[in-house]
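I opened this notebook to record what I looked up in the structure. The entries follow the order in which I consulted it.

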Amino acid sequence: MALSDAEEVAALARAARPRRMLVIINPVATKMSSRLKSLVVYALQGRYEVTSVDTEGKGHAIELCREAASSEYDVVVAFGGDGTVNEAANGLTGSNTALTCLPGGSNNVVAKLLGISTDVVDATEQLLHAADRWAPRTVDLGAVNGRHFTFAAGMGLDAAVVERVDAHGKHLFLRFEGGLVIHSHLRMTGKWRVRDAHWQPPGNTWLLLARQDMLVAQINGPVLELMTASRARFDRRLAQLGPDILAPELDEAAFLRRLREDDPTRPIGDALIDQRVIAGIGNIWKCEGCFEVGIDPWRRTGEVSDEEALAIVRATRTRMQESVREGMHERFKTVYGTAGATCPRCGATIRARGQGEGNRTTYWCPGCQR
Ligand SMILES: [Zn+2]
């Protein structure tokens, strides 16, 4: 079989000697097994001069990497999770030895960031290909107190006591003595857990608070910010009320901004009665506004265009202004309260179902509201 031109060039470009590779294996990483270790090392020996070594505890990978750098290894492979990569990076920083990784842990964020497959077999294959296309890149590391980190740093408030916890809707404010505040929002993915002190928090724990016999963990909640108390007060004022639907000039830009800051998976009908998105639209008006412009109140806000969202708000505003002038009349209600009736526009049957946190009964026509 003849080699293609590209393959011939690649073959010629291969190093005269195989590159020296140190594979640092975390033997207790989540996805590790001795069979997997041997298979990976065996495969890598096809293209590299491989030495492999198991780590024996915290900090060991840092030492191994310092040695690897001083004995001029070409590359270190951190085979484990993000913890192994982090130690390896600390040992190699500033040296000419390249660092790469193979995913073997429960968290392999660095591997993902570098475009390395989360499947070990595929990742090994990528590494074999890299022998022909050798192009190490320089990356920045963060540093805190002399220790480097690749993408995230854990941080502790120095034994500050939580004085109070306030909830504002789904926003939670943890107030520490000394005026620091942590703001948390769980959105769709997060949860709080209270467990005894022996509990092992999962890897995606964003915040862990401890007292003598208890741990409180915020797990996978995408909003977590540390701020001063005065900043928190300012933010809360901002967070409180969206633009007023009945203001002389409706601030449409502010409405859209707040709508887009909100959870995109939330149904549009639910977002419209959230006073932080837009102030003043009640449940009846939300149903009527969505019906008037033919938008399904169950559609996710992320799938509602700016024009559609504005159309609902403008229609609602017009009706509400009329009712302010003339008083609330039954004639303003076309769809609200009519579950089971025939839609005056398309003839389908009007439906009703509770929506959102407040479980507010929402009326809509499945025939002509899309
Ligand atoms: Zn209809």
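Predicted model: local features only at pLDDT ≥ 70, side-chain atom pairs only at ≥ 80, totals over all residues.

**Entry 1. The parallel sheet**

I looked up helix H4, residues 82–92, and found that H4 lies across E1, E3 and E4. H4 runs at about 155 degrees to E3. Angles over 145 degrees count as roughly antiparallel, so I recorded H4 and E3 under that heading.

I then asked in what order the strands of the open sheet of 4 strands stand. The order is E2-E1-E3-E4, and the pairing is parallel. At the edges I found strand E2 (48–54) and strand E4 (98–103), each of which pairs on one side only. From one strand to the next, the twist averages 25 degrees.

Strand E1 (residues 19–25) and strand E3 (residues 75–80) run parallel and are joined by 5 bridges. For Ile24, I found the bridge partner in E3 to be Ala78.

**Entry 2. The antiparallel sheet**

I next examined an open sheet of 3 strands, with antiparallel pairing and the order E10-E12-E11. Its edge strands are strand E10 (191–196) and strand E11 (205–211), each pairing on one side only. The twist here averages 20 degrees from one strand to the next.

How many bridges join E10 to strand E12? I found 6, with E12 spanning residues 214–219 and the two strands running antiparallel. Opposite Arg193 stands Ala217 in E12.

**Entry 3. A hairpin**

I looked up strand E14 (residues 351–355) and strand E15 (residues 360–364), which pair in the antiparallel sense over 5 bridges. Gln355 has Arg360 in E15 as its bridge partner. This hairpin has 4 residues between the strands, and I noted that Gly356 takes a positive phi near 75 degrees.

**Entry 4. Helices against H11**

I turned to helix H8 (residues 252–261) and helix H11 (residues 306–326), whose axes are 11 Å apart and which pack at an angle of about 120 degrees. H8 and H11 are therefore oblique to each other. I recorded their crossing as right-handed.

Which residues of H8 meet H11? They are Glu252, Phe255, Leu256 and Leu259, and on the side of H11 I listed Asp306, Ala309, Leu310 and Val313. By class, I counted 6 nonpolar, no polar and 2 charged residues in the contact of H8 with H11.

For helix H10 (residues 283–293) and H11, I again noted an angle of about 120 degrees, with the axes 8 Å apart. H10 and H11 are therefore oblique to each other, and their crossing is right-handed. Among the residues of H10 that meet H11 are Trp285, Cys290 and Val293, and those of H11 include Ala311, Ile312 and Met320. The contact of H10 with H11 divides into 7 nonpolar, 2 polar and 3 charged residues.

**Entry 5. The chain as a whole**

The chain has 11 helices and 15 strands. A compact globule of 370 residues would have a radius of gyration near 21 Å, whereas I recorded 29 Å for the chain. Taken along the principal axes, the C-alpha atoms fill a box of roughly 90 × 65 × 35 Å.

Terms used
Residues numbered from 1 in each chain as written. Pairing = 2+ DSSP bridges. Axes fitted to C-alpha atoms, helices over the stretch in contact; angles between N-to-C directions. Contact = placed C-beta atoms within 7 Å. Parallel < 35°, antiparallel > 145°, perpendicular 65-115°, else oblique. Left-handed = near helix turned anticlockwise from the far one by under 90°. Nonpolar A, V, L, I, M, F, W, Y, C, P; charged D, E, K, R; others polar. Rg over C-alpha atoms; globule rule 2.2 N^0.38 Å.
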